[in-house]
Amino acid sequence: MDFFNESYMPYNLERDTSLTPSLEEMTETAIKIVSKGNGAENGYFLFIEGGLIDLGHHGNWAQKAFDETVEFSKAINKALEMTSEKDTLIVVTSDHSHTMSISGYPERYNDIFGVAGIGDFGLPYLTINYANGPGFLESGHNYTLDNTSDKDFRFPAVARLDYETHGGDDVGIFARGPWSHLYSGVLEQHIIPHIMKYASCVGEGLTACSGAFSNVATLSLPIILGALFSLFYL
């Protein structure tokens, strides 16, 4: 449950903008709140999630998932605007991938939600496809007859499932701010919070505030992590 709905927040494409704030607006308000008082003096940790990206993919609703990704990007940009890379570590990542794929050789400027080309038997195939999910249709379907620009259109899936599954692909980690250079190369997922701990000088063990690094550690720092993103103000 959230403050604005009995269950999940509505998709951005379906929300009443007079009643429900955007992820960007909530991010701005959250940073203003946590950076006051003790947060301004001692630092803070803020976690922001674009969770509707996940739900959109589970429904094979690529339109909704992509739009939520744009909204997530706006939230990240707002956090970048409101913080300084000198004292704020921002980490952007995801906890998993999905089975969506981008296929074919569509022409330049072709609508990503449209037809990518013509396959066997003269039938068209779309650029966006899923390995499984509720978008499954029997072979031989002619997608040129569908309104693929409709936000509720379920993009094609190879295997029929009520709910699309997660994928097994590696996901990216993007970071800015103090000690962000540690997020490089191929990392195990559990390393992400260990670097946050190190950069923010919390907990036991070696941190940026101990030993030879104590003279270059910042005093306080937010972190933002997401489809997840985290703000650590140090």
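Start by selecting residues 115-118 and 124-126: these are strands β5 and β6, which run antiparallel and are joined by three bridges. Two strands count as paired here if DSSP finds at least two bridges between them. Helices (H or I, at least four residues) and strands (E, at least two) are DSSP runs, numbered from the N terminus.

Before you click on, remember that this is a predicted model: local features need pLDDT of at least 70 and side-chain atom pairs count only at pLDDT 80 or more, while totals for chains, interfaces and linings use all residues. Residues are numbered from 1 along each chain as its sequence is written, and side-chain values use heavy atoms, with hydrogens and water left out.

Most residues other than glycine have a negative phi.

Next, go to Tyr109, in the loop between β4 (100-102) and β5. Tyr109 has a positive phi too, near 75°. Is Tyr109 buried or exposed? It counts as exposed, at 79% relative accessibility. The cut-offs: buried is under 20% relative accessible area, exposed is over 50%, and partly exposed is in between (1.4 Å probe, protein chains only).

Now try Trp179, in the loop between β10 (174-176) and α5 (191-200). Its phi is positive, about 65°, but Trp179 counts as buried, at 16% relative accessibility.

Time for the rings. Rings of Phe, Tyr and Trp (its six-membered ring) pair if their centres lie within 6.5 Å; planes under 30 degrees apart are stacked, over 60 edge-to-face and the rest tilted. That rule gives five aromatic pairs. Select Tyr11 and Trp61: their ring centres are 6.2 Å apart and their planes at 80°, so this pair is edge-to-face. Tyr11 is in the segment before α1 (23-34) and Trp61 in the loop between α3 (51-58) and α4 (62-82), 50 residues apart. Tyr11 is buried at 10% relative accessibility, and Trp61 is buried at 19%.

Then show Phe66 and Phe113, a tilted pair with 5.3 Å centre to centre and 45° between the planes. Phe66 is in helix α4 and Phe113 in the loop between β4 and β5, so the pair ties together parts 47 residues apart in sequence.

Last stop: Glu49, in strand β1 (residues 44-49). An unreviewed UniProt entry lists Glu49 under "binding site"; UniProt positions are given in the numbering used here, feature names are shortened, and annotations may be inferred rather than shown by experiment.
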